[in-house]
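Hi everyone, thanks for coming. Please have the sequence and the model open while I talk.

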Amino acid sequence: MSLWTKFANLFRKGQIQRDLDDELASHIEEALANGRTDAEARRSFGNHTNLRESSQDLKLLTALDNLKSDFTFSLRQLWKNKVASAAAILSLALATGAAQASFRLIDALLFRPIQIDSPERLHLFTLHVTNQDGSPGINDSCEYPFFRILSKAIENEAQALAISYPGRADITYAGTPEMEKAFFVYISGDAFPAFHLQAALGRLLTQNDNRSPGAHPVAVISHSYWQRRFAADPGILGKKFRHAENIYEIVGVAPQGFNGMDPGSPTDIFVPIVMNARGIDARGWTWFRTWLFLKPGASLQRAQQVAQAVSNAYREEQTKGFPAHFSSEMRTKYARQPVELVAAAAGYSSTQQRYREPLWILAILVALVLLIACANVANLMTAQTAARARELALRVSIGAGRARLLQLVLIESSLVALAAILLGASFATWAAPYVLGRISPSFNPVQLDLHTDYRFIAFTILLTLGITAIFGILPAIRASSVKPASVLKGGDSPHSKRRLMRALIAVQAGFCMLVNFNAGLFLASFDRLSHHPLGFKPERVVVLHISAQGNLPATDWDLLLNRVRSTPGVESAALATMPLIASDSWGQDVHVPGIKHPDRSPSFLGVSPGWLETMGIPLLRGSDLRTTDMHPGAAIVNEAFARYYFKGIDPVGKTFEIDGSKQTRKTIRIAADAHYQRLREPMPPTAYVPFHSSQDGVVRNPRQGGTIILRSSVPNALALFPTLRATIAQTNSRMFIANLLPQSEFIEIQSMRERLLAELGAFFAAVALILTAIGLYGVLDYGVYQRRRELGIRRALGAPAVHLTWRVSAQILAMLAIGAMAGLAIGIAGAKLLESLLFGVKPSDWQMLAIPLAAIACATLLAAVPPILRALHIDPAKMLRAE
Amino acid sequence: MPNPLELPQGVLDLLLLKTLALEPLHGWAISQRIQTRTTGDVQVQQGSLYPALHRLERKGWLKTEWAISENNRRAKYYSLTPAGRKQLRAEEAEWLRLALAVSQVLGEV
């Protein structure tokens, strides 16, 4: 019989059965016709059922039948132990749900390829540089004059494409008065043809949209933006909007799935790169990333060599403009910075760089929790199997094969796994967007496409099989090796079975310790970071981003500021080029004549008089600042600046020079140190210079506007927004509020990654503790149950309670302690890998060690008390009679 | 009548193949044929005839078809396939060698 027939027979159960029955019937008829009795005829069949089972045709069918009955039996078994099953399923669901959510996030952010033709050919041009503080860094931004040279030089190996960072831009659609935000990207026109993308509607950008700066006001919008903003209106083509000084016309919709190159910040609007006209010939303004789309068959190594050569030559040229005091080593180092073309099939974004490490750490925590949960379920199932030893022994003695027992227990395991996965999947659907929300600043949300795709389904299937194997196989082997004789006789050696369970407890304790230890580090880091001295007082401070059309006279800004100051509820207000801690910066190299200083540039900030007072930054010496003191060319420096560049000389009244220009600035005051851009770095040297910095009375700010910083006299500063908006609209028609945010939000953004790690760390630590406690309880309880006779006899013979407690718990607690210590040791050793994510904590701090130890000790106590009490309350008389 | 013989392992297959080598037969007829051929010394054991037939069929040595029996009843007829014939020749030779060897030993005693 062919394999196919056998397989087909599976689905023709009825027919085969009929065939067999017909054959038997005809046999009996023949026998009767030949004068035999019915009984005699039947004798040659033997047992009818047996015949059916042993008949080879039906072997698979029997297996299927068995499977069905085992399935039903398993369901019944799980239902019988409702509480235990629910505990197993829930704890697994939590852990698998977390695993699924992590997978969704990690895959969507780090691994899912950009949806273009052959994404594996995508490479990003990066430079390995040295940061201000001497640490190695990656620079991925380029200036257009360099891009032009590179794309020409490398055209045989790769197509160079310039794509800007997705920025939240202010745009206004024709016919609507309101400004709105959209992720706006400048892109080389030839990127779309290179990627073989087809427009969903209209046309995409082409090489022809790349000709002359500022001359191609056309835009392509993304498919998801089209659906979200315009409800997929097919009449969208031709619609116009204003961005900065340009009015763009929408000419097409990009294909579904292509949302730019930055996972986490999907692009809404693409416009030709040459539309950023000021950026095309600007030297020193790096504002986009250079992508290299390798030609088929081209060598990456060759492309890398070309890129390195172009970069070296270009940067060599740049060093010629450096001021005289730059040493020749510094120049050489600058010119020879190594180029790396990074394979980036999944795109490249700051969100990726920022969250790659935290996500992997979370994945490790999740894996540990998952293993703890699996160990728990394994212990639970082992205990249940042991409690069912008699049933299993009976099965063996009436002829069940070992394989059949294995199957029975594995089916039960996979049912638990399946239920947990389904429950976990729904948890994950909620959890993944929740986590995303926790790392999204309100004005710049992180967006990821978290749809269910084949990658997720494959992961889920693998996960199910994996956990079934981890927690199901041990109990199954245990069950299949049951010895009917000894079990039915009344018990095996009680010790043999618990060795494995104890080992699992040690493993659990180790993992639990590891999770708790890391969670402690993350919590402490977040705590230290959020209580880190800022140098200014963010309470009740609000940042108003003002967009200005064109460069406006200083008097316009002053008028606006005065109107804001006189608004009821405003305590004080000032102008600034940008807010503090906004991850925006302005740096210029400076030097003080005659003083050698460390090789780093200070931060600059343009402010109006009253800014220091509004921010709550004290002046250190000298009389109060008068408005007239802030003349162009003046500067207030902070203590760090004085220390770095003046080397202990009193800087007040002294001047410093701006490198590369003839400009000098005179220091008029020293302010206390305050953080400028990042909380994690030491207080940076900063110079505060007048907001109206130019001589001709016009404010030129490349950021197209400025900010008004105000401190409100009411607790809820955001309530001032409607009044302020009206005030500003009345004051100047070329200025409007682009954004209004409390200063505290900028500070929160800085600790968002730490907050995420702290929150999720604490969550997983709690889950790990609960699971470990449940596991410990289960093992102790099982031990007491198994040794009840022995304990009863000891009790009857007068063993003291302490002695019994010791007997029941000593070994298990020792295993627990060994596991926990091993976990702690691994934790301390592994903490080196976390260093970049920690802040102000050392893994060897005694609190960091004591807190997780105490947590585990508490959990142990809670878990151990009920079984020990049970052991002490065994009534010997009753116990022995029951046996 | 003395008790029928217990068949050694594998011999039933050989008997079945040999019986079917002459003509296709249905189950009942096969058991009758073996019984008469061996003058009742061999009785196909209870419950082993059909599993054995199905096993041989599965191995590809027998094929089956439904036909009308001499008693005008529908019955399932078994017949040898070419592979079955080959198997029969092999097993027959094997058995004869074994039988010869055994009787030689017995003859010496």
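This is a predicted model: local features need pLDDT of at least 70, side-chain atom pairs count only at pLDDT 80 or more; totals for chains, interfaces and linings use all residues.

Residues are numbered from 1 along each chain as its sequence is written, chains are lettered from A and ligands numbered from 1 in the order in which they are written, and side-chain values use heavy atoms, with hydrogens and water left out.

Okay, helix α9 of chain A, residues 223-230. Which residues of α9(A) are buried? By buried I mean under 20% relative accessible area; exposed is over 50%, and partly exposed is in between, with a 1.4 Å probe and protein chains only. In α9(A), they are His223(A), Tyr225(A), Trp226(A) and Phe230(A). They sit on the same side of α9(A), because they cover an arc of only 165° around the axis. That arc is taken from the directions from the helix axis to the C-beta atoms. And what do they pack against? Strands of chain A: β5 (167-173), β6 (180-187), β7 (201-202), β8 (218-221), β10 (246-253) and β11 (269-272). Just after α9(A) comes Ala231(A), with a positive phi of about 50°.

Staying with strands, find His243(A) in β9 of chain A, residues 240-243. His243(A) counts as buried, at 11% relative accessibility. Leaving out neighbours within four places in sequence, His243(A) is in contact with Ala169(A), Asp170(A), Ile171(A), Phe184(A), Tyr186(A) and Tyr248(A).

Phe604(A) has a relative accessible area of 0%, so it is buried. Again setting aside neighbours within four places, its contacts include Met578(A), Trp586(A), Phe656(A), Tyr676(A) and Val689(A). Phe604(A) and Val637(A) are 33 residues apart in sequence, and their C-alpha atoms are 9.3 Å apart in space.

Next, the cores. In soluble globular proteins, nonpolar side chains tend to be buried together. A nonpolar core here is a set of buried Ala, Val, Leu, Ile, Met, Phe, Trp, Tyr and Cys residues joined through side-chain atoms within 4.5 Å. The largest one has 104 residues, and the members touching the most others are Leu92(A), Ile467(A), Phe471(A) and Phe764(A). Several chain A helices supply at least two residues each, including α6 (82-111), α16 (454-480) and α24 (752-786). Which helix gives the largest share of this core? That's α13(A), with 19 residues. Zoom in on Phe471(A): beyond four places in sequence, Phe471(A) touches Leu92(A), Cys374(A), Val377(A), Ala378(A), Ser413(A), Val416(A) and Ala417(A). There is also a second, separate core of 45 residues, with Val129(A), Phe146(A), Tyr173(A) and Ala303(A) among them.

Back to helix α6 of chain A, where you'll find Ser91(A). Ser91(A) is buried, with a relative accessible area of 9%. Beyond its neighbours within four places, Ser91(A) is in contact with Ala373(A) and Leu771(A).

Most residues other than glycine have a negative phi. Ser118(A) is not a glycine, yet its phi is positive, about 40°. You'll find Ser118(A) in the loop between α6 and β1 (122-130) of chain A, and it counts as buried at 15% relative accessibility. Ile581(A), also not a glycine, has a positive phi of about 55°. Ile581(A) is in the loop between β15 (570-576) and β16 (590-591) of chain A, and is buried at 1% relative accessibility.

Last stop, chain B. Chain B has four helices and three strands, in the order α-β-α-α-β-β-α along the sequence. Of its 109 residues, 39% count as buried. And among chain B contacts with a separation of 6 or more, 50% are between residues 24 or more positions apart.

Conventions:
Contact means heavy atoms within 4.5 Å.
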